[in-house]
Amino acid sequence: MREIDLPVWQKHQRFMARAFMLAEQALEEGEVPVGAIVVHKDQIIGKGYNQVERLNDPTAHAEMLAISAACETLDEKYLYECTMYVTLEPCPMCAGASVWSKLGSIVYGASDSKAGACGSLFNIASNNKLNHQVEVIQGVMEAESEHLLKAFFKERRD
């Protein structure tokens, strides 16, 4: 078992807390509560939260919006030295975008057994058959992210 580097873990938690705030904003707007940020050299260069309903766009996932914003900030199409923090494991579309944008790593909170593409259902991000692999770290603020998602879907059912 790999030992956890405490300063690195604390940094992951600090940035995930920022992504979590965006997930809460999505919740307030009636969207599936997922938030994402992209970090380069310890600076947030892109952020997004789910806006599928608001924009009437099935591709308006938090990760897609954060990647687009990060590319615009850097004026680059590739995000080699960047880390994306996202509260829910990326779906196949978002994991694919992470590979195509050549992200350095993805740190996510809750796993997604129905659509997760970073190890749960598929493993697109780290698939060695693709031209780029993204390092994946899971479980940062996992309980908080799961709680937010469960509360959202419970309210929808009630």
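This report walks through a predicted protein model, from its overall build to some of its residues.

## About the model

Residues are numbered from 1 along each chain as its sequence is written, and side-chain values use heavy atoms, with hydrogens and water left out. Because the model is predicted, local features need pLDDT of at least 70 and side-chain atom pairs count only at pLDDT 80 or more, while totals for chains, interfaces and linings use all residues.

## The overall build

Let's start with the whole protein. It has five helices and five strands; helices (H or I, at least four residues) and strands (E, at least two) are DSSP runs, numbered from the N terminus. In order from the N terminus, the elements read α-β-β-α-α-β-α-β-β-α. The radius of gyration is 15 Å, close to the 15 Å that the globule rule gives for 158 residues, so the protein is as compact as a globular protein of that length. Here the radius is taken over C-alpha atoms, and the rule is 2.2 Å times the number of residues to the power 0.38. Along the principal axes, the C-alpha atoms fill a box of roughly 45 × 35 × 30 Å.

Of the 158 residues, 45% are buried. Buried means under 20% relative accessible area, exposed means over 50%, and partly exposed lies in between (1.4 Å probe, protein chains only). Contact means heavy atoms within 4.5 Å; among contacts between residues at least 6 apart in sequence, 58% join residues at least 24 apart.

## Surface and charge

The protein exposes about 8,900 Å², and carbon and sulfur atoms supply 50% of that area. Accessible areas come from the Shrake-Rupley method with a 1.4 Å probe; for residues, only the protein chains shown count as cover.

There are 15 positive and 22 negative side chains, and the centres of the two sets lie 2 Å apart. Lys and Arg count as positive and Asp and Glu as negative, while His and the chain ends are not counted. Each charge is placed at NZ of Lys, CZ of Arg, CG of Asp or CD of Glu.

## Helix α1 and arginine 18

Helix α1 spans residues 6-28 and includes arginine 18. This arginine is partly exposed, at a relative accessible area of 43%. Leaving aside neighbours within four places in sequence, arginine 18 touches Ile37 and Ile44. Threonine 87 is 69 residues away from arginine 18 in sequence, yet their C-alpha atoms are 9.7 Å apart in space.

## Loops with a positive phi

Lysine 41 sits in the loop between β1 (35-40) and β2 (43-49). Its phi is near 50 degrees, a positive value in a residue other than glycine, and lysine 41 is exposed at 62% relative accessible area.

Asparagine 56 belongs to the loop between α2 (52-55) and α3 (62-74). The phi of asparagine 56 is positive too, near 55 degrees, and this residue is exposed, with a relative accessible area of 71%.

## The buried side of helix α4

Which residues of helix α4 (residues 92-100) are buried? They are Cys94, Ala95, Gly96, Ala97, Ser98 and Val99. Their cover includes α3, β3 (82-88) and β4 (105-110). After α4 comes lysine 102, with a positive phi near 60 degrees.

Valine 136 lies in strand β5 (residues 135-138) and is partly exposed at 25% relative accessibility. Beyond neighbours within four places in sequence, valine 136 contacts Ile106, Tyr108, Cys118, Ala125 and Ser126.

Serine 126 is found in the loop between β4 and β5, and at 30% relative accessibility it counts as partly exposed. With neighbours within four places in sequence left aside, serine 126 is in contact with Gln133, Val134 and Val136. Serine 126 and alanine 95 are 31 residues apart in sequence and 9.1 Å apart in space, C-alpha to C-alpha.

## Aromatic pairs

The structure holds three aromatic pairs. Rings of Phe, Tyr and Trp (its six-membered ring) pair if their centres lie within 6.5 Å; planes under 30 degrees apart count as stacked, over 60 as edge-to-face and the rest as tilted. One of the pairs joins tyrosine 78 and tyrosine 80, which are tilted, at 5.5 Å centre to centre and 50 degrees between the planes. In phenylalanine 152 and phenylalanine 153, the ring centres are 4.9 Å apart and the planes stand at 80 degrees, so this pair is edge-to-face. Phenylalanine 152 is buried at 7% relative accessibility, whereas phenylalanine 153 is partly exposed at 38%.
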